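Please take a look at the model shown here. Some questions and answers about the terms used for it come after.

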Amino acid sequence: MSLTLLTLLQQFVLLLAALALFLSFVLLSQTRLIAAIRVFAWQGALVAAVTLTVALAGHAHHLYFSAALTLGLKAMLIPAMLHRMTRRLGLERQSETLSRPALVIMAAVVLVIFSYWVVEPMVANGLAFTRNIIAVSLAVVLIGLLMMVFRQQAVAQVLGFMSMENGLFLAAVSATAGMPLVVELGVAFDVLVAMVLFGVFFFQIRESIDSLDVDRLNRLTETEEGR
Amino acid sequence: MTSLSLTLLTPLIGGLVLILMRSPGPAGWLNLGVSGLTLAGSLGLAWSVWHLGSVAGMGFRVDAFNVYLVVLTAFVGLTTGIFSRPYMRYVQASGRISAWSLRVYHGMYQAFMLTMLVALTTDNLGVLWVAVEGATLATVLLVSLYRTPEAVEAAWKYFILCGVGIALALFGTVLTYFAAQHVMADPGTGLTWSALYERSHDLDPTVMRIAFVFLLVGYGTKVGLVPMHQWLPDAHSEGPTPMSAVLSGLLLNVALYAVVRLKMLVDGSLAETATPHLAGALLMGFGLVSFLVAGLFLHRQRDIKRMFSYSSIEHMGLMTFAFGLGGPLATFGALLHMLVHSLTKSAIFITVGHATHVAGTQSIDRIRGLIRTQPAIGWSLLFGVVAIAGFPPFGVFTSEFLLLTATMQSQPWFTVVLLSGLAVAFAGLFRHLHPMVYGAAPEGQRPVEANMLPVYFHLGLVLWLGLAIPDVLSAWLDRATQLITGGHLL
């Protein structure tokens, strides 16, 4: 699958997607919350840029709308909400100590290889472009998942969740030229509501364990000796 | 179409009104009225489906398979509403929640009903996803309603695990849409289930195979399949009891419904390949593991609501296995089991809610002598557990018997596994149940004001279904079976 066989536009989309994947790696190892939120906002902007490029290429009008939606939601509104909550919770200066950061980055690399392996059988469909883009977006989704597992800070977990959503948007836009509008609106609505609820939970968690270190939420276990 | 809009718009408007309504007194009654109206709408819908075969339009499509789940959802929604009105008033009087929390509770109750009904009636796989994710969002605040550290932890776990699971399901949905792009004349219909089903033979098998794995893991998280079940016992045990009843009785069913619909697509696509039964085999594997693991975990529980949530996982595992097995008999049994399990399990949770108020605790070790203190609750719990454990003459026995017969026909060796799993689960339930019901009542344990009407009604229905399934219902389930498997049972 030689990249030169792709059209210039496809190469550009791939470049943007690869940058989004790179930002996933940055997000994974960024310990300072404010910086991580900024990285996440840039990732959202890249997804919006991909949407815009696809819209320009295919003259798909509803994609202009979804590009604007992605930009507004993922690059502006959600980062702004997270930023505001971080300030209200007094976490601006907090930086999390990561256990075994190198190992996690290696795991993320393995996930990228795994994504390509999963997508490999779809080669029958021809298109090297679609295969690449699906592999990249799957990798973004899985790295988001890894981030949620490995980070202990609630805000960082939410960033992982939201970057998973970025991966999903990327897949939807670039592999299929956008989902039907009603679905896209529904997904955006769900993401927004989820963000509001995450905000409510930040305060509930802090109220109950006096910290946002989710690892300390460990009262519910299977053995239940202490209860 | 009017009954469909009545079914869907009632909870939407009702939920909005309930969250805006300031006075807590009439809110419980209004919640009840809204649920009743929804049930009326769903019955009207069932009536038109019965006469027309299916009702479709505006992106919705109701056929024999989903209409019976719609009626079930609205029905359990109503009876749980009857239970929840005095229950939540009691909770509020005991000072565990504020007036604002009660408003959130009622509003979210209807929002949850709305998402369930939309998920069932929609014809669009994307909207299905949005609705199932919406159900998580509607219930997550209810799980943490009591604001104890345990409740907050349970809610966070629920949110994160289901969020991740459902995100994977969306990836599967995107892949399905991708496969549809090459097949459908109008790409806009690429997520419309009925259009996809007609062309399912043309969908690319490699893409659909990968998509189904993501979809199964995603929606399977909500079904509570092991090992993605971790959220379920926590959410059930820490949330208010009416929530546990609707989560177990409705949400799990709806998630399983989504899995079955998607399996139908994948089966069509894989029919010509070397592995035509891949989807079924995956369902059987996940189902059997969930069934066995949950049965074993029943023995270790110390919290009564946790125990019954493991029983839910066990039964969902059994149904998943049956749908995976395929064939008219197993499918018919699984559909019947969905029905009787919902009715029985919500009745049990309602009883358990009252029992925890009698004993003042959810700890199994400290719930004692229910029959002596309040016979209605004690006997209901006993009969509920007898029913859920699959004893004749209750309906669960009928459906489990059908499932075992179907297994015997196609995969005889699994019958042994299933029977031992049922025995393990039975032992797990009864070793905890016996002292709770018969033991000596602690001093000062007093009866509480309890409305047992929904429980009697549910258990009565389950008993009726065990003694004689009405012709209407069996014909109905047969239609659904034909829709799923293409074959008749009756």
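Predicted model: local features only at pLDDT ≥ 70, side-chain atom pairs only at ≥ 80, totals over all residues.

Residues are numbered from 1 along each chain as its sequence is written, while chains are lettered from A and ligands numbered from 1 in the order in which they are written.

Q: What makes the radius of gyration of chain B agree with that of a compact globule?
A: The radius is taken over C-alpha atoms, and the globule rule is 2.2 Å times the number of residues to the power 0.38. For 490 residues a compact globule would have a value near 23 Å, and chain B has 21 Å, so the two agree. Along its principal axes, the C-alpha trace of chain B spans about 70 × 55 × 45 Å.

Q: Why is Arg147(B) called partly exposed?
A: A residue is buried if 20 or more other C-beta atoms, placed from the backbone, lie within 10 Å of its own, exposed if 12 or fewer, and partly exposed in between. Arg147(B) has 16 C-beta neighbours inside 10 Å, and therefore counts as partly exposed. Of the 490 residues of chain B, 62% count as buried.

Q: What is the phi of Arg147(B), which is not a glycine?
A: Arg147(B) has a positive phi of about 60°, and its place is in the loop between helix 5 (125-143) and helix 6 (149-181) of chain B. Helices here are DSSP runs of H or I with at least four residues, numbered from the N terminus.

Notes
Helix = DSSP H or I, 4+ residues; strand = E, 2+ residues; numbered from the N terminus.
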